[in-house]
Every structure is written in structure tokens, then in C-alpha cells.
Amino acid sequence: TIKEFVSEGDLIVNMEVTLVGEGDKYPTEEVEKLCSLLRENESLSVESETLNDIYEVTRLVVSSWSMKPTRAYNYQTISIAAASDEAYIIMEEIEA
């Protein structure tokens, strides 16, 4: 994906996601899946009534994320910063 950081119209979205394990178990698998997704460095599709309908945002690109160790055994909170993203067609093949 190509992200144009020069534009002024990007919406910055900061969120905290809390993953909760079953019973007293740490959500290891869920944390690994989310961290893997955040590391992909690709634009992510968004399904949110607020973002889609009010702000007309359908895609986000993650700019940073972090997580702190927790004292609890069964949850992990991850902070995510992202910006709205639009799909661009760099080159389109034209059939003759």
C-alpha cells in the first residue's frame, strides 16, 4: 500500500483493544494474531458504523502500536494509532 502522508484530510484514530482469555488464561493466541495483523504493514478494511457512515472511512493504515505488561493473567490491552487511507490505482491496464 502507498500512504500519502502529505495530505491534510486524514482522520487519526487512536484505540485501545483489550483481549480477554477464558477463565484465568492469558489470551496468547489472540494476542499473537492481532500482533501479526498489525505487523503486516498493509491498509486494513474497517467495519464501524461511526467510521464508515459519519467519517466515510473504510480503510485504516496503522502508524504505531504498543502493549504494556499487565498484572492480570487473563487479559492484554493493546494501544493502536492509525490514519484513514484511500485506495489508489497507480497504473491501470487498458485493453485495446
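Modeller: The discussion below takes the overall fold, the sheet, the cores and some single residues in turn. This is a predicted model, in which local features need pLDDT of at least 70 and side-chain atom pairs count only at pLDDT 80 or more, while totals for chains, interfaces and linings use all residues. Residues are numbered from 1 along each chain as its sequence is written, and side-chain values use heavy atoms, with hydrogens and water left out.

Colleague: How many helices and strands are there in the protein, and what pattern do they follow along the sequence?

Modeller: Helices (H or I, at least four residues) and strands (E, at least two) are DSSP runs, numbered from the N terminus. The protein has 2 helices and 4 strands, and along the sequence they follow the pattern β-α-β-α-β-β.

Colleague: What is the order of the strands in the sheet?

Modeller: The general idea is that strands of a sheet pair through backbone hydrogen bonds, either parallel or antiparallel. Two strands are said to pair if DSSP finds at least two bridges between them. Here the 4 strands form an open sheet in the order S1-S4-S3-S2, with antiparallel pairing. S1 and strand S2 (44-45) are at the edges with a single partner strand each, so one side of each has no neighbour in the sheet.

Colleague: Which strands pair with S4, and over how many bridges?

Modeller: Strand S1 (residues 12-20) pairs with S4 over 9 bridges in the antiparallel sense. Strand S3 (residues 59-67) also pairs with S4 in the antiparallel sense, over 7 bridges.

Colleague: Is strand S4 mostly covered or mostly uncovered?

Modeller: A residue is buried under 20% relative accessible area, exposed over 50%, and partly exposed in between (1.4 Å probe, protein chains only). Strand S4 (residues 75-84) is mostly covered, since 7 of its 10 residues are buried. In the protein, buried residues make up 26% of the 96 residues. Ser-84 lies in strand S4 and counts as buried at 8% relative accessibility. The side chain of Ser-84 also reaches the backbone nitrogen of Leu-11 at 2.9 Å.

Colleague: Which residues form the largest nonpolar core?

Modeller: In soluble globular proteins, nonpolar side chains tend to be buried together. A nonpolar core is a set of buried Ala, Val, Leu, Ile, Met, Phe, Trp, Tyr and Cys residues joined through side-chain atoms within 4.5 Å. The largest one here has 9 residues, namely Leu-19, Val-31, Leu-34, Cys-35, Leu-38, Leu-44, Val-62, Ile-78 and Ile-80. H1 and S4 each supply at least two residues of this core, and H1 gives the most, with 4 residues. A second, separate core has 6 residues, including Val-13, Val-46, Leu-51 and Val-57.

Colleague: Which residues does Ile-78 touch?

Modeller: Contact means heavy atoms within 4.5 Å. Leaving aside residues up to four places away in sequence, Ile-78 touches several residues, among them Met-15, Leu-19, Leu-34, Leu-38 and Trp-65. Across the protein, 62% of the contacts between residues at least 6 apart in sequence join residues at least 24 apart.

Colleague: Where is the salt bridge, and are its residues buried or exposed?

Modeller: Side chains of opposite charge can pair when their charged atoms come close. A salt bridge is a side-chain nitrogen of Lys or Arg within 4 Å of a carboxyl oxygen of Asp or Glu. The structure holds 1 salt bridge, in which the side chains of Lys-33 and Glu-29 meet (3.3 Å, N to O). Lys-33 is exposed at 56% relative accessibility, and Glu-29 is exposed at 51%.

Colleague: Which residues other than glycine have a positive phi?

Modeller: Asn-41 has a positive phi of about 60°, and the phi of Glu-56 is near 55°. Asn-41 is found in the loop between H1 and S2 and is exposed, at 60% relative accessibility. Glu-56 lies in the loop between helix H2 (49-54) and S3 and is exposed, at 63%.

Terms used: A polar contact is a pair of N or O atoms within 3.5 Å; within protein, one must be able to donate a hydrogen and the other to accept it, and residues adjacent in sequence count only if both atoms are side-chain atoms.
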